Amino acid sequence: MNLAVLASGYGSNLQAIIDAVDRGEISGRVKTVISDVEEAYALERARRHNIEAIYINPKDFPGRKAFNEAIAALLEEREIDLVVLAGYMRLLSPVIINKFRGKIMNIHPSLLPAFPGLEGAKQALDYGVKVSGCTVHFVDEGLDTGPVILQEAVPVYDDDTVESLHERIHRVEHRLYPRAIQLFIEGKLSIEGRRCYRNEG
Ligand code: GRF
């Protein structure tokens, strides 16, 4: 299976996915990494692993739709089977979602539906919850609203900062995302309405 990873930043989840591919825990390959940020370290990670790294500048397009059409074209040209959002900081347009429905995943640093959108770890701290975590979900038109694939909780401690909590969440993300991707590749995920079921066997 051909994976495309979309990332806007540091790319530690991308790295976890690349490492899982290298260890044989993901039976697919990262065919391309696409970023809307030229200096995203995720692109550098891709280059270091001889993975195609594409920077696509939103300002080169007349609007959001045209920008997303260009990304959709890149994905189709490369015969991508699964689109993996890993710290991609833009909402996808329907033009991508419709072409890849049920084939786009995102990871979010909270237990959805709590704290969607930006800064999930900060929102959790500000609210004062004692437990947070991360969520891998399929992507639909909403903001962090698609069917949940996997979730895992982490504790929130009294002396946590945004950084320490995000770091704890990140460590879980790096384990959870490759697992979700492999479940997809093995055909073990099915979506019915809001629910994503795991079929074993
Ligand atoms: C992760 O915390 C993820 O949940 C969120 O963005 C962050 C990306 O981190 N969507 P990285 O770029 O993979 O290190």
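Predicted model: local features only at pLDDT ≥ 70, side-chain atom pairs only at ≥ 80, totals over all residues.
Exposed here means a relative accessible area over 50%, and buried means one under 20%.

View 1. Arg 78, at 15%, is instead classed as buried.

**View 2. Arg 90 pairs with Asp 36 across two loops.** Look for the closest N and O atoms of this salt bridge, which sit 2.6 Å apart. Arg 90 belongs to the loop between strand E4 (82-85) and helix H4 (94-99), while Asp 36 belongs to the loop between strand E2 (29-35) and helix H2 (41-48), so the bridge ties together parts that are 54 residues apart in sequence. Asp 36 is buried, with 9% relative accessible area, whereas Arg 90 is partly exposed at 38%.

**View 3. Lys 188 meets Glu 186 in a salt bridge.** Here the N to O distance is 3.0 Å. Glu 186 is partly exposed, its relative accessibility being 41%.

**View 4. Glu 44, Arg 47 and Arg 48 form a network.** Salt bridges link these three residues. As a friendly reminder, side chains of opposite charge can pair when their charged atoms come close.

**View 5. The whole structure puts the close-ups in context.** A search of the whole structure finds 14 salt bridges, among them the pair of Arg 90 and Asp 36.

Technical notes
Residues numbered from 1 in each chain as written. Heavy atoms only, no water. Salt bridge = Lys/Arg side-chain N within 4 Å of Asp/Glu carboxyl O. Helix = DSSP H or I, 4+ residues; strand = E, 2+ residues; numbered from the N terminus. Buried < 20%, exposed > 50% of the residue type's maximum accessible area, 1.4 Å probe, protein only.
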